[in-house]
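Subject: Structure handover

Hello,

Here is the structure for you to look through. My notes on what was found in it follow below.

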Amino acid sequence: MKISIIGSGYVGLVTGACMANANQHVTCLDIDEKKIKDLKNGKIPIYEPGLEDLIKEKIKSNVLSFSSEISQTIRNTDVIFIAVGTPSNTENNEADLSQVFSCAEEIARNIKNNTVVIVKSTVPVGTCDKVEEIINLKNPSLNFDVVSNPEFLREGSAIFDFENPDRIIVGTHNKDSITTLNLIYKKQIDNEFPIIFTTRRSSELIKYASNSMLAMRIIFINEIADLCEKVGADVNDIALGIGLDKRIGPEFLNAGPGFGGSCFPKDARALVESGISYNAPQNLLKAVIDGNEKRKENLSKKIITIAKNRKNIGILGVTYKANTDDMREAPSLSIIPDLINKGFNISIFDPQANKNSIKEFKNANWENDIYSVANNSDCLVILTEWSDFKDMDLKKISDIMDKPIIIDFRNLFSLDEMKKMNIEYHSIGREAINSSKEVE
Ligand code: UDX
């Protein structure tokens, strides 16, 4: 079976490399010729653990290739994945489907008989119907099927997630497509990971509902954390206590600076917009989006209150979470400019963020490690849960900094551990350690 994937971004590349790893013949396509040229030479445009090695290995064994000749390639494939971006439309918060529809046009011009078109991009309900309409208009007598097959890959562990999915969702009832999808995911099915066949519309909605549900959990635990700080409770214990209830479960209950990334914020906004269009308001989700925005403002206020007249702030981590270089909708993008505007001097270290591409921090000073940041700072703020930060030498930090303060928005350290250190420590939803009463 020959597979091509239109869109060599995050989802397309991980999907392509992993399917090639399952011995399919895959061509990843993109209109960006430079990106394709780099990929052919094994140069990967994103940081994802294990991806570069996997891609190089699969190029070598001739099961994975890259091309910008989209029309020519799709004319010779049995399965076409659409994995292009669906960013938020800045005017109305709906998903911008222009890239998906231009893929559909391209496919319509080049599709051969008996092709399966699989939409992996996250798209609102009814998008696959429109893709089918576009292809059908030019090819009324052709046999083809449009299938929804959303991705649930977490950045930083995307290869693991592809190989070990909680579930595979497929929106189609076409018998031939079911056979094809069972073949594509044979490895996962043999390993007894569940595959669910449903309608296209349900499949499209499952993706949005999953991400929105997870976003709600995060905002819920963050708001509980705020309450914990006021009443002297410990949010980590609350998460443990509620998470042991099997109906709730322990995952996604880490309080933090709010959710970011390429999916949660935009998918939540798009689902709210779908609710408005279909007159089925998603009120809970609307509150989640507002709560997440408000949280970033509150956190910069918290930093300012703790720092008082100390003007040098060190930021540890700017990506929206650990193990990625992705900055999309990272809490740091609003917290840091806010601090810069209020006259603070900012030093930053992040193990992967590309400093040249982040225009929002242009007045900040980038350092190459944690201790150089500490050297320039009165107060350290942890925004991302990189393991380097969890493993930092706290003794060295207290030697470097005069009256050190750590504000930890990822609760990386235990309170007992911090009580033993000569460090003022503030975290999320827990008591402050070694701090003067004044600050609290
Ligand atoms: C998410 C979904 O998990 C994935 O299924 C989907 O297909 C793409 O979007 P990803 O954006 O890679 O994946 O990150 P994820 O690990 O889910 O975290 C999203 C955000 O929530 C991050 O900002 C993270 O820091 C935050 N988060 C996560 C918390 O604040 N607390 C948690 O307990 C978990």
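**The ligand and its surroundings**

The shell around the ligand is made up of nine nonpolar, four polar and six charged residues. Please keep in mind that this is a predicted model.

In total, 19 residues surround the ligand. The closest of them are Glu155, Asn254, Gly260, Tyr320 and Arg410. Helix 10, which spans residues 200–231, supplies the largest share of this shell, with three residues.

For glutamate 155 it is a backbone N or O atom, 2.6 Å from a ligand oxygen. Glutamate 151 has a polar side-chain atom 3.3 Å from an oxygen atom of the ligand. For lysine 207, a polar side-chain atom likewise lies 3.3 Å from an oxygen atom of the ligand. On its own the ligand has 670 Å² of accessible area, and the protein covers 93% of that.

**The two domains**

The domain assignment sets domain 1 at residues 2–198 and domain 2 at residues 204–440. Their C-alpha centres are 33 Å apart. In the contact between the two, 27 residues come from domain 1 and 25 residues from domain 2. About 2,100 Å² of area is buried between domain 1 and domain 2. Carbon and sulfur atoms give 51% of that buried area.

Regards

Notes
Residues numbered from 1 in each chain as written. Predicted model: local features only at pLDDT ≥ 70, side-chain atom pairs only at ≥ 80, totals over all residues. Heavy atoms only, no water. Near = heavy atom within 4 Å. Polar contact = N/O pair within 3.5 Å; in protein donor to acceptor, adjacent residues only side chain to side chain. Areas by Shrake-Rupley, 256 points an atom, 1.4 Å probe, with all protein chains shown as cover. Helix = DSSP H or I, 4+ residues; strand = E, 2+ residues; numbered from the N terminus. Nonpolar A, V, L, I, M, F, W, Y, C, P; charged D, E, K, R; others polar. Domains from an automatic or database assignment. Contact = heavy atoms within 4.5 Å. Buried area = accessible area lost by both parts, 1.4 Å probe.
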